[in-house]
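Here is a short briefing on charged pairs and nonpolar packing. Please keep the sequence and the 3D view open while reading.

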Amino acid sequence: MSSRRYGSQSLQRLLGHWQDSASRTPLWRQLAEALRLLILDGRLALDSRLPGERELAAVLDVSRTTVASALAQLREEGYLESRHGSGSRVILPGHIREVPTRAGTTMALDLSTAALSAGPEIHQAYQQALCAMPPHLLTSGYQPQGLLCLRESLARHYCARGLPTTADEIMVVNGAVSGLALILRLLTGPGDRVVVDHPTYPLAIAAIQGASCRPVGVSLPAEGWDTDGLAATIAQTSPRMAYLMPDFHNPTGRCMNEETRQAIADIAVRTRTTLVIDETMVNLWYDAPPPPPLAAYHRDAPVIMLGSAGKSFWGGLRLGWVRAPSRTIAALVQTRDTVDLGSPVIEQLATTWLLDNADSFLPQRRQRLAARRALCDTLMRKHFPEWRYQQPQGGLSFWVELPDTLATIFATRAESVGIQLGTGTRFGLAGAFDRFLRMPFALPEEPLRSAFSTLEPLWETLRLQSGSGKVRKII
């Protein structure tokens, strides 16, 4: 059991702007809903302990009765476990309750996840994998570096993108996050700093913190990346590594240009800072393909590339890869012995087929996603004209700026009608970005239309109550 205890100030930052004074919802229930959202988002770690009632009431500037009632509600729902003298511990109920909608039915529509369902090519890939399986049944199946056929296919793809690569420079892992966790285990120790874009991918933050490291954010400007800020942050904090997403960054969808890639590669060489480059979105471009991989811009740059089959093909594959110098790959293979013995053979064979045949289905997949991006843009302009955003160059979502710090309150109200939203605070450090939402456009047309129609009256009520009624131009 974890002994981690959240300080009252840390919890206050995570809660963000949870209190809506104009709402008719009792204050204790607003607090309970905001805390539940933190638990379901994974921002309040399981088995961690909350501050005491008196301490929490003081920092939130509410009565102790309000805090006690909120915690009692969460205990009743199965999200907290309390013992006298030990405080309240975060848990999950054995069964997540279904949320009633206005019609009295139940609905679970997830707008907090940006991912596609499987296409027909996935079934075909598994059929081909089964046909290729017999020779592998004669072996133990343990391949800590991954099947040679998959590593060779991945190497060909890197070469085609402008980064000469051999199979010895590839390691297959169980998803990009698993690869990041393995890299952190190899390169970092407790208390080490890891530079990240701010905002950034929430599971990367979780992996960094799970390795007992400290993420240090470099804010993204209105466009592009702040290379001067990155260089200054590295000079001031001496991080063990930096984690960046140059190819259709999650959550903003922006793509790093060649000049910036060159500048960041030069910074890595000059400061000897290892760059971990997450390319999980690299195939999801709509206007133009991305430039060559960042590692191609300086052969001496200490760069480790992360890739994944999840976004390009299907999340259920749970397969990723690491591209690095062969010596680093050998060290990662040794480190992996303490974690697992390799990735499933059938998934590796299926991914090999998908990579070798990607040109036959990825263009259509991009066209379908581009149409959904256009539809989502149209619906947001219609239902939420106050929202501000830029058209993402790739990826699966819009990064939406609200007219005020309303994301947490809006998400809790959306949950009451069975819709889960991805608040900006999930993508920031210490509760930042409470005026942002990540809005995915991967859903088919009808669910997306239904979701926006359901959310519009909730937003309208919240907008009027908050006094944010002024319409702002979408950029």
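E279 and R161 pair through their side chains in a salt bridge, with 2.7 Å from N to O. The partners come from distant parts of the chain, 118 residues apart. The model is predicted.

**The E279–R161 pair**
- E279 sits in the loop between β8 (274-278) and β9 (303-308).
- R161 sits in the loop between α6 (148-160) and β4 (170-173).
- E279 counts as buried because its relative accessibility is 3%, under the 20% cut-off.
- R161 has a relative accessibility of 24%, so this residue counts as partly exposed.

**The E401–R435 pair**
- E401 and R435 form a salt bridge, and their closest N and O atoms are 3.5 Å apart.
- E401 belongs to strand β11 (residues 397-401), while R435 lies in the loop between β12 (419-423) and β13 (436-440).
- The pair therefore ties together parts that are 34 residues apart in sequence.
- R435 is partly exposed, at a relative accessible area of 26%.

**A pair within one helix**
- E445 and R449 meet through their side chains in a salt bridge of 2.8 Å, N to O.
- Both residues are in helix α15 (residues 445-466).
- They are four residues apart, so about one helical turn separates them.
- E445 is partly exposed, with a relative accessible area of 39%.
- R449 is partly exposed too, with a relative accessible area of 32%.

**Salt bridges across the structure**
- How many salt bridges does a search of the whole structure find? The search finds 18.
- R36, E77 and E415 are linked by salt bridges into a network.
- Side chains of opposite charge can pair when their charged atoms come close.

**Nonpolar cores**
- The largest nonpolar core has 48 residues.
- Which of its members touch the most other members? They are L230, L275, L294, V303, F313 and L354.
- Helix α12 (residues 345-356) gives the most to this core, contributing seven residues.
- L354 touches E121, I122, A125, F313, L317 and F361, leaving aside residues up to four places away in sequence.
- Another core, of 42 residues, lies apart from the largest one.
- Members of that other core include L109, C255, M380 and F441.

Methods:
Residues numbered from 1 in each chain as written. Predicted model: local features only at pLDDT ≥ 70, side-chain atom pairs only at ≥ 80, totals over all residues. Heavy atoms only, no water. Salt bridge = Lys/Arg side-chain N within 4 Å of Asp/Glu carboxyl O. Helix = DSSP H or I, 4+ residues; strand = E, 2+ residues; numbered from the N terminus. Buried < 20%, exposed > 50% of the residue type's maximum accessible area, 1.4 Å probe, protein only. Core = buried A, V, L, I, M, F, W, Y, C linked by side-chain atoms within 4.5 Å. Contact = heavy atoms within 4.5 Å.
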